[in-house]
Amino acid sequence: MSEQSHPTSGPATPPSGDGDGATPAPRRRSRARLLLGLALVVFALDLATKLAVVATIDRGENIRTLGGAVYLTQARNTGAAFAFAEGATVVFTLIALVVAAVIIRSARRLFSTGWAVALGLVLGGAVGNLVDRLFRDPGFLRGGVVDWISVFGPNGEHYPIFNVADSAIVCGGVLGALLAFRGIEFDGSRTKDKEAAAKAARDTDRDAGTAAD
């Protein structure tokens, strides 16, 4: 009678990870490239449209398009977005420099896609208008920003004249406000989740202290 061999049980395949049996947490992906790439797209689009407007439309001229819904014109703004606070050009130039520096510095710890889009829009718009303030007349830090979109009427009759950079700044600001309202932070986590985790940790420490007594 032949002896039947039975398979012997070998060592179990160790789980992937660091060898402690725990599955490693997925590595978060930085959204810095998304932020900077979007900012570059906004800046390039803003610069291209401004150059085209300066080259083809005289100041004070209004080109009616879309049945009068949009007028293409050329105006110079020494204030903030949508002609707010004109005359404070130097102040807004310095603010734009600070905003750009803070956003670029924050990019390293950015893991939220939503915040990357919001900050990319703001950064691209801020740099787009900043270039005008630095290099256009009447001089360094005091240059007038080229605005060229007038809606529902010529010469900003119904709404301040604006440009691509202004639109990006406002859209980025609104998106950032919505993200903050929902409690989404730069790292992609939610404020309420962090608060719940902190509360659970405090409860655990309290229970451990009670058991020790």
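Trainee: Is Leu110 buried or exposed, judged by its relative accessible area?

Mentor: This is a predicted model, in which local features need pLDDT of at least 70 and side-chain atom pairs count only at pLDDT 80 or more, while totals for chains, interfaces and linings use all residues. Residues are numbered from 1 along each chain as its sequence is written, and side-chain values use heavy atoms, with hydrogens and water left out. Relative accessible area is computed with a 1.4 Å probe on protein chains only; under 20% counts as buried, over 50% as exposed, and values in between as partly exposed. Leu110 has a value of 0%, and is therefore buried.

Trainee: Between which two helices does Leu110 lie?

Mentor: Helices (H or I, at least four residues) and strands (E, at least two) are DSSP runs, numbered from the N terminus. Leu110 is located in a loop, and the elements on either side are helix H2 (89-106) and helix H3 (113-135).

Trainee: Which residues outside its sequence neighbourhood does Leu110 contact?

Mentor: Contact means heavy atoms within 4.5 Å. The C-alpha atom of Leu110 is also 5.4 Å from that of Asp187, 77 residues away along the chain. With neighbours within four places in sequence set aside, the contacts of Leu110 are Arg29, Ser30, Arg31, Ala32, Leu35, Trp115, Ala116, Leu119 and Phe186.

Trainee: How many salt bridges does the whole structure hold?

Mentor: Side chains of opposite charge can pair when their charged atoms come close. The criterion here is a side-chain nitrogen of Lys or Arg within 4 Å of a carboxyl oxygen of Asp or Glu. A search of the whole structure on that basis gives a count of three.

Trainee: How are Asp46 and Lys50 separated within helix H1?

Mentor: Asp46 and Lys50 form a salt bridge whose closest N and O atoms are 2.8 Å apart, and both residues are buried. Helix H1 spans residues 32-56, and because the two positions are four residues apart in this helix, their separation is about one helical turn.

Trainee: What is the omega of the peptide bond from Asp137 to Pro138?

Mentor: Most residues other than glycine have a negative phi, and most peptide bonds are trans. Pro138 is in the loop between H3 and strand E3 (145-151). The bond that joins Asp137 to Pro138 is cis, with omega near 15 degrees.

Trainee: Which residue of E3 is the bridge partner of Tyr71?

Mentor: Two strands pair if DSSP finds at least two bridges between them. E2 and E3 run antiparallel and are joined by six bridges. E3 is mostly covered, with seven of its seven residues buried. The partner of Tyr71 is Ser150.

Trainee: At what angle do the axes of H3 and H4 cross, and how is H3 therefore oriented relative to H4?

Mentor: Axes are lines fitted to C-alpha atoms, for helices over the stretch in contact, and angles run from 0 to 180 degrees between N-to-C directions. Angles under 35 degrees count as roughly parallel, over 145 as roughly antiparallel, 65 to 115 as roughly perpendicular and the rest as oblique. The axes of H3 and H4 come within 7 Å and cross at roughly 150 degrees. H3 is therefore, relative to H4, roughly antiparallel.
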